[in-house]
Amino acid sequence: MWSAIVRVTPRDLFVQHVPAGVTYEELFDAVGVFGILESVKLVPEKKQAFINFVEPQAAYHIWQLTYHAWQLAYMRALYGPWQPPACIPYMAGGLPADGCH
């Protein structure tokens with residue numbers, strides 16, 4: 001099950017679907033790298049957490065990262081993993097006759 005992070009206020013996050021067995025210390029260490037924490041409340045029986053930062057930018061960065069990770073996973077589910085193009089045309093000296101090196 002995916003964790004869902006919701007911004008409640010600019011400084012506060014509500015996390016749903018926290019994996020079973022996650023400890024307070026693990027959660028604190030995982031989100032503490034983004035900024036100074038005001039408080040962390042883990043509710044394991046509901047698989048939820050409430051995270052409050054001192055600075056709103058920290059909460060925004062975590063929310064933004066998880067949102068983009070969700071988008072990437074959704075795109076992979078729809079279209080499969082990213083594949084590099086078969087060739088990349090060399091633009092500086094003009095295109096070769098076949099379009100690739």
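The model is predicted, so local features need pLDDT of at least 70 and side-chain atom pairs count only at pLDDT 80 or more, while totals for chains, interfaces and linings use all residues. Residues are numbered from 1 along each chain as its sequence is written, and side-chain values use heavy atoms, with hydrogens and water left out.

**Largest pocket**

- Ile-5, Val-15, Leu-27, Ala-30 and Val-31 are the closest to the pocket centre among its 15 lining residues.
- A pocket is an open set of points on a 1 Å grid over the protein atoms alone, where a 1.4 Å probe fits, with protein on both sides within 12 Å along at least five of seven lines; lining residues have an atom within 4 Å of a point.
- Helix H1 (24–32) and helix H2 (56–79) are the elements that give two or more residues to this lining, and H1 gives the most, with 4 residues.
- Helices (H or I, at least four residues) and strands (E, at least two) are DSSP runs, numbered from the N terminus.
- The lining divides into 12 nonpolar, 2 polar and 1 charged residues (nonpolar: Ala, Val, Leu, Ile, Met, Phe, Trp, Tyr, Cys and Pro; charged: Asp, Glu, Lys and Arg; polar: the others, Gly among them).

**Leu-13**

- Leu-13 is found in strand S2 (residues 12–16) and is buried, with a relative accessible area of 1% (buried is under 20%, exposed over 50%, partly exposed in between, with a 1.4 Å probe and protein chains only).
- The C-alpha atoms of Leu-13 and Trp-63 are separated by 7.9 Å, although the two residues are 50 apart along the chain.

**Aromatic pairs**

- Phe-14 and Phe-50 form a tilted pair, because their ring planes lie at 35°, with centres 5.0 Å apart.
- This pair links distant parts of the chain, with Phe-14 in strand S2 and Phe-50 in strand S4 (residues 48–53), 36 residues apart.
- Phe-14 is buried at 15% relative accessibility, whereas Phe-50 is partly exposed at 34%.
- The rings of Tyr-24 and Phe-28 are also tilted, with planes at 35° and centres 5.9 Å apart.
- Tyr-24 and Phe-28 both lie in helix H1, 4 residues apart, about one turn of the helix.
- Tyr-24 is partly exposed at 36%, and Phe-28 is partly exposed at 35%.

Technical notes. Rings of Phe, Tyr and Trp (its six-membered ring) pair if their centres lie within 6.5 Å; planes under 30 degrees apart count as stacked, over 60 as edge-to-face and the rest as tilted.
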